[in-house]
Amino acid sequence: MCLTLANAAAVLDHLNPAPPTRGYTRTRHHIGHLGPGDLWRPVEGEHPRTVTGVHRRHDRIILADQQGVAFAYSSASVISTAVRDPLPVSRR
């Protein structure tokens, strides 16, 4: 499953960082919704990280980021996430 504003447990606010970074909306999602390619915020105040791996073990879910750092959460957790802005439609 992928993160959307529709399946968010909470929609917080929108951030529009300086280019070339796409903007995103800060959200909270149930951890079971995350999959590779989604954004989550394991450290408050930092930019979101990209999920590269999801490992489920008993009542724990372990998320790995693009740098290989792993974070463990309870399978019932609602965690800080981010939903990217859609890519702009280019004019031809």
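Me: In what order do the elements of the protein run from the N terminus on?
Reply: This is a predicted model, in which local features need pLDDT of at least 70, side-chain atom pairs count only at pLDDT 80 or more, and totals for chains, interfaces and linings use all residues. Residues are numbered from 1 along each chain as its sequence is written, and side-chain values use heavy atoms, without hydrogens and water. Helices (H or I, at least four residues) and strands (E, at least two) are DSSP runs, numbered from the N terminus. The protein has zero helices and seven strands, and the order is β-β-β-β-β-β-β.

Me: Why is the protein as compact as a globular protein of that length?
Reply: The radius of gyration is taken over C-alpha atoms, and the globule rule is 2.2 Å times the number of residues to the power 0.38. For 92 residues the rule gives 12 Å, so the protein counts as this compact because its own radius of gyration is close to that, at 14 Å.

Me: How do the residues of the lining of the largest pocket divide?
Reply: The lining includes Pro-17, Tyr-24, His-47 and Arg-84. Ala, Val, Leu, Ile, Met, Phe, Trp, Tyr, Cys and Pro count as nonpolar, Asp, Glu, Lys and Arg as charged, and the others, Gly among them, as polar. On that basis the lining divides into four nonpolar, four polar and two charged.

How values were computed
1 Å grid on protein atoms, 1.4 Å probe; cavity = no way out; pocket = protein on both sides within 12 Å on 5 of 7 lines; lining within 4 Å.
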